[in-house]
Amino acid sequence: MIEAWLEDRRLGREQDEAALRGFVQGVLDGSVTRAQAAAWLAFVCLRGMSRCETAALTRAMLESGERLTWPGIEGRRLDKHSTGGVGDKVSLVLAPVWAALGRRVPMLSGRGLGITGGTLDKVESIPGFRTDLDPSELHRVLKEAGCFISGQTERLVPADRVLYALRDETGTVASVPLITASILSKKLAEDLQELVLDVKFGSGAFMPDRERAAELTDSLVETGRAFGLEIRAFLTPMDRPLGRTVGNALEVAEAEAALAGEGPEDLRDLVLRLSGAPEEAARALDDGRARECWERMVRAQGGRPEEERRRPELGRAPLRAPRSGRFLGFDARAAGRAAFLLGAGRRRAGEAVDPDVGLLLEAAPGDEVSAGQPLAFLVHAGGRGLGEARAALEAGLLWEEGREEGL
Ligand code: URA
């Protein structure tokens, strides 16, 4: 017979804080079975949840594990969350920019899945860089460098780990209240005062539809504010890759160029917008302070950036323009897929990624190009996935008259 709490969910009846807390605890201690939890998730996915329930679920998840605290560390603590995209290396630049401005950035990030890159995969392409810091190491790095980029610790929001895996398995990831509770419970466990949200829409985004992305933004903002977090939210397009690189080490190199006051304009512009203090942030990028914070963080997390990986099998294959004309760029989804096929991404959680492969996008959207000119280079490891990746990238070529047919 169906339990009353599950029946309430099935009928879309409001569950109170105690019921939601009981569910989360039950998922962790096994008194709620996997089948019950999967049904509960499916009901939420189909029937939704009120804002009040979303906040209560967030609280129950947050309280399912330990929370980080930062005794003795001065400065306003903030972090940024992006729903992820293709070539999105903003975190690598923004965290040290904020640190240079005297803020403190305890950034816990995730790994990529499918076409979406993950910040942890990017920083792990730096030889020696550790992302498994324990709370006392996190404290030390935050104090020394003003920022860290690390993975979830074992004991932080364990309910999310269990529920997220179940959502992935049962196709119930795409639910605004479940995403809200998942993201915010983890961010709240970092003990922040401010959170900046970069919610993406467009072909390369987790939620391509702008209206759905806006709905998620509203839910995140309202729920976060109920916890006293100051939130600034941005809804930004992800229909072209951000910057000119896609792939882990390639993106780190591009982020380092941006930290030296160089690098592509779209990346710098987005970093400055999200920073909340564009003029100060621009100064920190141009005068080397942001770069110093980055280097301090890399060292403090064990990174040895001077160490080269010797990989004679790495090669660069050009993708040449099949025609002359005004090039409008690569579709983000196609570029993400091409990088994934070269080995930069993973199909399933737990799989390894190749740190060095990916795309170098030579031509910029809006360039006039000539037939035969290289538009991009596919950086591959001994030809792995090259044919398929090239086909994927070619299918995403955009021209002024629209998508090129027959490629
Ligand atoms: N990222 C998260 O951390 N959780 C979600 O549910 C979706 C994206």
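Which residues in helix 2 meet which residues in helix 4? I noted first that the model is predicted. On the helix 2 side I listed Glu17, Leu20, Arg21 and Val24. Their partners in helix 4 are Glu53, Ala56, Leu57, Arg59, Ala60 and Met61. I then sorted this contact by class and got 6 nonpolar and 4 charged residues, with no polar ones.

Next I looked up the geometry of the pair. Two packed helices are described by the angle between their axes and the distance between the axes. Helix 2 spans residues 17-29 and helix 4 spans residues 51-62; their axes come within 9 Å and cross at roughly 40°. For the handedness of the crossing I wrote down right-handed.

I turned to the largest pocket. Its volume came out at about 1,600 Å³. The lining takes in 50 residues, and the closest to the pocket centre are Gly110, Arg111, Gly112, Tyr164 and Lys186.

Which elements give two or more residues to this lining? I found strand 1 (78-82) and strand 2 (105-109), together with helix 5 (90-100), helix 6 (119-123), helix 8 (158-170) and helix 9 (176-188). Helix 8 gives the largest share, 6 residues.

Last, I sorted the lining of the largest pocket by class: 20 residues are polar, 16 nonpolar and 14 charged.

Notes. Residues numbered from 1 in each chain as written. Predicted model: local features only at pLDDT ≥ 70, side-chain atom pairs only at ≥ 80, totals over all residues. Heavy atoms only, no water. Axes fitted to C-alpha atoms, helices over the stretch in contact; angles between N-to-C directions. Helix = DSSP H or I, 4+ residues; strand = E, 2+ residues; numbered from the N terminus. Left-handed = near helix turned anticlockwise from the far one by under 90°. Contact = heavy atoms within 4.5 Å. Nonpolar A, V, L, I, M, F, W, Y, C, P; charged D, E, K, R; others polar. 1 Å grid on protein atoms, 1.4 Å probe; cavity = no way out; pocket = protein on both sides within 12 Å on 5 of 7 lines; lining within 4 Å. Points joined across faces, edges and corners; volume = space filled by probe spheres on them.
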